[in-house]
Amino acid sequence: MHRYPGTGQYDKFSEEGVYSCAGCETPLYKSTTKFNSGCGWPAFYEGLPGAINRNVSELDGMRVEITCAACGGHLGHVFKGEGFKTPTDERHCVNSISLKFSPANSSM
């Protein structure tokens, strides 16, 4: 199931906490790595170490698909060199439906 840009729950969401895989609840991203890219999807400049796999997309052979390293669930795509002023110059374009958010003040 895909959401259209700008319709996802976490696109303009900015609370402090951790984003986990909606499928297996493995932590994927810290809220401190989320930024507004203007693309209509939640965007992060890096994932938690070892949490995300990257594979060249089978659909077009050019885009890099990102998946949960624990369960293999599709997260979205990663783009590099777009000029965003982030530490990695990467944009992890993630579908809100593949994420589950836990506020910083809650126990995971």
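**Cysteines and fold in a predicted model**

Good morning. I begin with C71, which is partly exposed, at a relative accessible area of 43%. Please keep in mind that this is a predicted model.

What number of disulfides does a search of the whole structure find? The search returns 0 disulfides. C71 accordingly takes part in none, and its nearest cysteine sulfur, that of C21, lies 3.6 Å away. The cut-off applied here is 2.5 Å between the two cysteine sulfur atoms, so a separation of 3.6 Å does not qualify as a disulfide.

Let me turn to C93. Is C93 buried or exposed? C93 counts as buried, because its relative accessibility is 12% and the limit for that class is under 20%. As a reminder, a disulfide is a covalent bond between the sulfur atoms of two cysteines.

The protein chain has 9 strands and 0 helices. Read from the N terminus, the order of its elements is therefore β-β-β-β-β-β-β-β-β.

How much of the chain is buried? Of the 108 residues in the protein chain, 39% are buried. The chain exposes about 6,400 Å², and 51% of that area comes from carbon and sulfur atoms.

Finally, the contacts. Taking those in the protein chain between residues at least 6 apart in sequence, 48% connect residues at least 24 apart.

Thank you for your attention.

Technical notes
Residues numbered from 1 in each chain as written. Predicted model: local features only at pLDDT ≥ 70, side-chain atom pairs only at ≥ 80, totals over all residues. Heavy atoms only, no water. Buried < 20%, exposed > 50% of the residue type's maximum accessible area, 1.4 Å probe, protein only. Helix = DSSP H or I, 4+ residues; strand = E, 2+ residues; numbered from the N terminus. Contact = heavy atoms within 4.5 Å. Areas by Shrake-Rupley, 256 points an atom, 1.4 Å probe, with all protein chains shown as cover.
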